[in-house]
Every structure is written in structure tokens, then in C-alpha cells.
Amino acid sequence: MAIAKAERLMNLALCLLGTRRPLSKRELRESIEAYVEAFGPGKGTAGGDDSFSRMFERDKDDLRELGLVIETVENIDGEVGYLARRDSNRLPPITLDAEEAAALGLAAKVWQQARLAGAASGALQKLRAAGLPEDVDPYEAHGALEPRIPVHEAAFEPLMLACRDRRPVVFDYRKATAAHPGTRHVEPWALECWRGHWYLAGWDRDRGAERVFRLSRITGRVRSRGSGFTAPVPDVVTVRETVASWAGEVADRSALIRLRSGAGYPLRAKATAVRELGDGWDELEIPYGHGLDAWLVEFGPDVVVLEPAELRADVVDRLRAVAKG
């Protein structure tokens, strides 16, 4: 079945590329053997005509997805025709140096889920067709590197599409300090991967401010809303800075904690000062930014916050929320 469809698409593409004038659906139906075999030449039954129209529309969409530019032209009699002009379907030669080819190869290999892997592979095939030299293999360049961006959250794909299409979304979100999730109405700007976790940056309509949401805390299904955006979308650099700040990467002060000896090595790596206290405890001074309270909670009883008081209170609140379930 896959071979038959590929042959049908190839014949349709050649027919549209080879014509000097727009061809109607009827003419295409009579010219392509696969259509003739399936539905017969000319006008058939109403059901057969409908089935052919559906197949033709799917085939046309598939060819456009593959990169073929198909024009729709209406003649003076109101009849619609189709053609693919050669000058519109010819790309200039693609020239890539070794580093550029390596970057493309790494980008194509980075996605693990099937949907994005297929899109990346298809993009490379289009570059081959456009003139990427055969002796340049972006898959093999720097083959010792195996980058991976794992995506386990079910919310990733609907949010990715919503960011692309500029569609507001609604989802249930569980804050670390809350026992139950709450509903959020968000205008999604971009998805960013930071320290192995995915974050959504966007405009929270209920709070009237920009917010960052960790995808692992989104519960249930992401629902789309038809209305447009109400807030301006910042540039990608600003969005990344926002995510970095909310993920705790931007620190403007210091915190003092006690850490059990032999524990919390990621905290020790960030520490600006370490002092042994004895009795199995050390005292650390670490950078303090947004999100540090959530990170400290992950270390459980191995960490005690000494100062500032506001950080200590936030950590206690989070621990209480976890204890309540």
C-alpha cells in the first residue's frame, strides 16, 4: 500500500510539473493511472466522485508537505485548475561547510520522539535534493557526540503546536506548594529546555503577567482556545532570560544552608564557600535566585536553610505541602 501511494504521488507531481496550463481535477483523474484504476475515467457515481476528491486533496496536501509548490488557478469559466511551475519548485544550490553540516546533523539527531525525528529527517532529505553534496554527511560528522533532549511530558507536543500557531491554551497546573492543581489560561510564547527540564514561557491571563511553567507539573490534557493573543510576544532572547531566571539560574544574592556531609553534591558544586561544622554537617554559601526553594526541597532532610528567613519560610511551606500529599 505504501509503494502504491508513493507511485501515485510521484505521478501526480510529474503531471503537475509537466503541464504548461492548469489541469482540472477531472483532467488529473483521467491522466493518472492510479485514479483511473480506483475510480474510473470521467464522471462516475456521486460516492465515487466524493472519494476521488478526498483522495486528491490528501495527495495534494502530502505533496505540499514534501515541499512542492502547487498553484490553484481559476479560469474565466470558474473552473479550478492546478499546476506546479518549475521555476517555483527550483531551489538555488545549497553550499554547507563541514561545521554547518555537522550542526545540521546534530540538530537532526537530537530529538527522540518520532514526530520530530521524522521532520528533521525530512528536512535533511530536502537539503539533499536541493544540492547538499553527497560527500558531506551531517549524520556522520562528529559522530562521537550523541545529543539527546528527552521529552516525556504529554503536554509537550500540544504546547509546541500552540506556540507555533499562536493559540492560547488552558491546562491544570500543580504548584510545588499546592496540594491540588489549579487551572491556568496561558498565551504560550516558547518552550525551553533548561538543565534537563522543559519549561513553557507565556502570558498568564488570570494574573496579567508573564509566567514560566514546568511541564512536569502540568496535569491532564492541554486544551486549545480559539481567541488570539492579547499580550505582545517578546523576542526569543528575552524568553530564554526569563526561563533562566525562573529556573534559578539568575542569582542576585546568597543563601546560607547546612548540608549533611556526603550529600547534596550538586549544591556543593554551586557553593561559593564551604565550612565544616562537625557532627556530620557542613555549612555552605550558595547563590540565591528564583526557584532555589524548590531545588532545596528535593534534598529533603539533608538540607537546613539558615538564612535568609524568607527562603527558609518558602522551603518549610513546600515541605508541608509535600507532607499533606
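Begin by selecting Arg 214 in this predicted model, where the residue is buried and yet has no salt bridge.

What does the side chain of Arg 214 make a polar contact with? Select Ser 216, whose side chain is the partner, at 3.1 Å. Then widen the selection to the residues that Arg 214 touches beyond four places in sequence, namely Tyr 173, His 197, Trp 198, Tyr 199 and Glu 298. Colouring by element places Arg 214 in strand β7, residues 209–214.

Next, move to the largest nonpolar core, which has 18 residues, and display those with the most contacts inside it: Leu 12, Leu 16, Leu 28, Tyr 35, Phe 56 and Leu 63. Helices α1 (2–18), α3 (33–39) and α4 (46–65) are the elements that each give two or more residues to this core, and α1 supplies the largest share, with 5 residues. From there, centre the view on Leu 63, which, leaving aside neighbours within four places in sequence, is in contact with Leu 9, Leu 12, Ala 13, Leu 68 and Ile 70.

Finally, colour the chain by pLDDT, which averages 80, with 75% of the residues scoring at least 70.

Terms used: Residues numbered from 1 in each chain as written. Heavy atoms only, no water. Core = buried A, V, L, I, M, F, W, Y, C linked by side-chain atoms within 4.5 Å. Buried < 20%, exposed > 50% of the residue type's maximum accessible area, 1.4 Å probe, protein only. Helix = DSSP H or I, 4+ residues; strand = E, 2+ residues; numbered from the N terminus. Contact = heavy atoms within 4.5 Å. pLDDT = per-residue confidence, 0-100. Lys, Arg positive; Asp, Glu negative; His and termini not counted. Salt bridge = Lys/Arg side-chain N within 4 Å of Asp/Glu carboxyl O. Polar contact = N/O pair within 3.5 Å; in protein donor to acceptor, adjacent residues only side chain to side chain.
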